[in-house]
Amino acid sequence: MKNKILITGLIMLSAVFVSLSGCGKKTDTSSVIKNVTSVVSNTVPNMPESSSSVSEIQTEPEKPAYTSPLSGKPLDEKYKDKRPFAFMFNNIEFAYPQTGTGRAEIIYEILAEGGITRLMGVFDYMKGDKIGSVRSARHYYVDFANEFDAIFVHFGQTHYAIDEIKKLGVDTISGLSWEGARAFYRDNNIRAPHNAFASTKGLMQAMKDKKLRTKPKKGISSHFNFSQDEEVNNDKKDSFKADYAKIPFSAYMTPWFTFSKKDKLYTRYAFGTKHIDKGTGKALKFKNIFIQLVNEYNKDRNGYQTMDLINQSGNAYYITNGRGIKVYWEKKGGADKTGFYYDKAHTEEVRVNTGKTYYAVFPVNRKEMITFKKK
């Protein structure tokens, strides 16, 4: 307020000075200017020496109003307090390329029977008229879907999966249940059973028909310990270069990943070529790769797999930004998330870069077959 009064006074003083000059009266202009300069210097705060304007002053960037609990990236607030979806994708060569895989924030890959793997995409929300092809569930995928309180979408299942769904109380949309007629359809240009697809409209209608809960359970938080403030470079002691990673699930399915320094992402390859999303034509790319090493074995004579996951712990790898580190995992109860830690005591949780994550669950007795190297 004082400065405002002062400036007003200076303007008036300047006007007097101009008026006197205009009247032709002799005025000691140097004295007036000297006095004005003295008043200003003694009352007006000094400007910063920097030539930057006020608009150029650095400020803390505003944090997004809502971030995805799956990726840590900004997400439209209309999806806040919405349950995610866990979707079972067909993953044999005949089914390539799938549609919708590129939109998943997390992709799980785990062995099924006969050396094939299934993919489970975890989504903040579903989008599109054609998602799939969709295949049947296995009980360990039910365990992972339950960590997110996700709505589990599948077309068929083993009886082990049915038992796990009932035991954990997981909400499902199944192609073999009555709601399947709403959610799924067949593409008759593709050979069955690889031609079942879901539509977003159908999934939403099935949710409504089954009166499934839309809000997540209390206590559900971000799945990973996302580092929002700084980039994680895995530059710890004992880290290793990982511009390339090969994960040989079997002779049939051996995906590999290459790191690009340009976009700092890993591209997935399978069956000798880039893995693309048919819906977008773009390759599947990931910021993070987790490889969880587990005790895996046959569950029965049919070759169905099982693995020790609940109330268990073990070793793992975390790969990001061209480097990898050995970490440790732990999963307590069936509804608890699988946590990753820097230490065996499970006290310091791994900091994870925001972005999409590829998550492999791999037999520990074959860990020596996993390859990391620099290109």
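Q: Is Thr267 buried or exposed?

A: This is a predicted model, in which local features need pLDDT of at least 70 and side-chain atom pairs count only at pLDDT 80 or more, while totals for chains, interfaces and linings use all residues. Residues are numbered from 1 along each chain as its sequence is written, and side-chain values use heavy atoms, with hydrogens and water left out. A residue is called buried under 20% relative accessible area, exposed over 50%, and partly exposed in between (1.4 Å probe, protein chains only). Thr267 has a relative accessible area of 8% and is therefore buried.

Q: Where does Thr267 sit, and which residues does Thr267 touch?

A: Strands (E, at least two residues) and helices (H or I, at least four) are DSSP runs, numbered from the N terminus. Thr267 belongs to strand 13, residues 265–270. With contact meaning heavy atoms within 4.5 Å, and leaving aside residues up to four places away in sequence, Thr267 touches Trp256, Phe257, Thr258, Lys274, Ala283, Leu284 and Lys285.

Q: Why is helix 3 said to be largely enclosed by the rest of the structure?

A: In helix 3 (residues 139–147), 9 of the 9 residues are buried, so the helix is largely enclosed. Among these buried residues are His139, Tyr141, Asp143 and Glu147. Asp149, which follows helix 3, has a positive phi, near 55°.

Q: Which residues lie nearest the centre of the largest pocket?

A: Rolling a probe the size of a water molecule over the atoms shows where empty space is left. Of the 23 residues lining the largest pocket, Gly102, Ala104, Glu105, Lys285 and Lys356 lie nearest its centre. A pocket here is an open set of points on a 1 Å grid over the protein atoms alone, where a 1.4 Å probe fits, with protein on both sides within 12 Å along at least five of seven lines, and lining residues have an atom within 4 Å of a point.
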